[in-house]
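Let's take a walk through this protein together. Please keep the model open beside you as you read.

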Amino acid sequence: MLKHVSAPARFFSQVPNEIIRHPRLSSDAVRLLTWQLSLPDGVDQRLSKTAEQAGIKKTAFTRAKRELAAEGYFHEWRGQGAGGLWRTRQLVSNVPLTEEQALAVRDGVTPPSDARPAVGGPSRPAVGRSQEENTGENTSHPLAERGARALVAVCHAERRLRLSGRDVKELAPLAGEWLSRGATLQEMRQELTDGLPDRVHSPVGILRDRLTRKMPEPAPEPAPRPNPLRACGGGCGRVIRPVADETECRDCRLETAGSDASGAVAATRRGMSAVRASLEAYVQARPAG
């Protein structure tokens with residue numbers, strides 16, 4: 001195989017061979033990534049727009065985007081911008097980045113020195129491009145976002161549990177449910193990292209299992225607030241705290257019940273007397289046999 005290469009004098013990009021020869025990236029994924037990396041500084045182009053210009057159809061674009069995210073070359077976040085609208089921020093890089101490294105690049109800070117790139121990626125500094133896409137939506141998933149941040153913190157402290165951006169998104173709702181049930185970050189870290197094997201073959205698998213199997217019980221429902229104090233309606237001058245809809249204290253209720261009972265007994269006796277009187281009058285009125 002003969003090969004002749006003329007170095008271009010201008011309008012060229014340096015792309016690592018790891019991208020061109022990547023065994024798990026399709027040709028569409030490689031084309032998307034190299035196209036993005038070739039754009040001049042200051043050009044803010046969404047990945048979907050790049051796919052449109054490159055002639056990549058919707059289904060192929062979705063698959064290529066998923067491949068890039070799984071390998072750490074593409075990261076995406078949703079956040080609330082001005083006016084309450086939610087937007088999507090995107091980052092592409094010419095080396096694989098962990099979620100924490102990508103967050104550091106996005107926020108303009110130096111990535112943690114002990115962080116390592118995704119498996120199979122080089123350790124040299126990353127070069128990336130970021131874009132923002134205003135989706136016009138006003139929906140949020142705060143629990144999932146909190147869960148994602150918690151997972152990143154746990155995985156940063158435990159190298160055996162390194163996750164890709166796609167893995168974090170998959171597990172974020174489970175982690176968010178832990179937080180909604182009252183679990184602290186320290187408790188989550190202990191449950192997820194305790195007793196790990198020396199070598200973890202599938203970090204996302206073992207985390208999914210532990211997040212599901214060790215899920216804390218739901219927080220108990222808060223006790224109902226007691227009814228406010230009120231003056232007894234029986235006129236005794238006491239102050240009561242009603243349990244239901246009662247308006248009088250216990251003593252006043254008993255007294256009222258006793259009065260009602262006495263009245264009922266008297267009425268019964270009057271009725272019985274009237275019946276006896278009627279019977280006697282009837283007997284007297286009958287002719288002798």
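A219 sits in the loop that runs between helix α9 (203–213) and strand β4 (230–231). Here helices are DSSP runs of H or I with at least four residues, strands are DSSP runs of E with at least two, and both are numbered from the N terminus. A219 counts as partly exposed because its relative accessibility is 46%; buried means under 20% relative accessible area, exposed means over 50%, and partly exposed is in between, with a 1.4 Å probe and protein chains only. A219 and R181 are 38 residues apart in sequence, yet their C-alpha atoms are 5.2 Å apart in space.

Before going on, please note that this is a predicted model, in which local features need pLDDT of at least 70 and side-chain atom pairs count only at pLDDT 80 or more, while totals for chains, interfaces and linings use all residues. Residues are numbered from 1 along each chain as its sequence is written, and side-chain values use heavy atoms, leaving out hydrogens and water.

Now step back to the whole protein. How many helices and strands are there in the protein? The count is 10 helices and 5 strands. Of the 289 residues, 32% are buried. Among contacts (heavy atoms within 4.5 Å) with a separation of 6 or more, 59% are between residues 24 or more positions apart.

Next, look at how helices pack. Two packed helices are described by the angle between their axes and the distance between the axes. The axes are lines fitted to C-alpha atoms, for helices over the stretch in contact, and angles run from 0 to 180 degrees between N-to-C directions. Helix α2 (residues 27–38) packs with helix α4 (residues 58–70) at about 75 degrees, and their axes are 8 Å apart. That makes α2 roughly perpendicular to α4; under 35 degrees counts as roughly parallel, over 145 as roughly antiparallel, 65 to 115 as roughly perpendicular and the rest as oblique. On the α2 side, D28, A29, L32 and L33 make the contact, and on the α4 side A60, F61, A64, E67 and L68 do.

Helices α6 and α7 pack at about 105 degrees with their axes 6 Å apart, and they are therefore roughly perpendicular to each other. Residues of α6 in this contact include L143, A144 and L151, while those of α7 include V168, L171 and L179.

Points are joined across faces, edges and corners, and a volume is the space filled by probe spheres set on them. The search finds 1 cavity of 30 Å³ or more, and the largest cavity holds about 80 Å³. Its lining includes E99, E100, L151 and V168, and α6 gives the most, with 4 residues. E99 and E100 are also among the buried residues of α5. The second largest pocket has a volume of about 560 Å³. Of its 17 lining residues, E76, W77, R78, E145 and A148 lie nearest its centre.

Methods
On a 1 Å grid over the protein atoms alone, a cavity is a set of points where a 1.4 Å probe fits but cannot get out, and a pocket is an open set with protein on both sides within 12 Å along at least five of seven lines; lining residues have an atom within 4 Å of a point.
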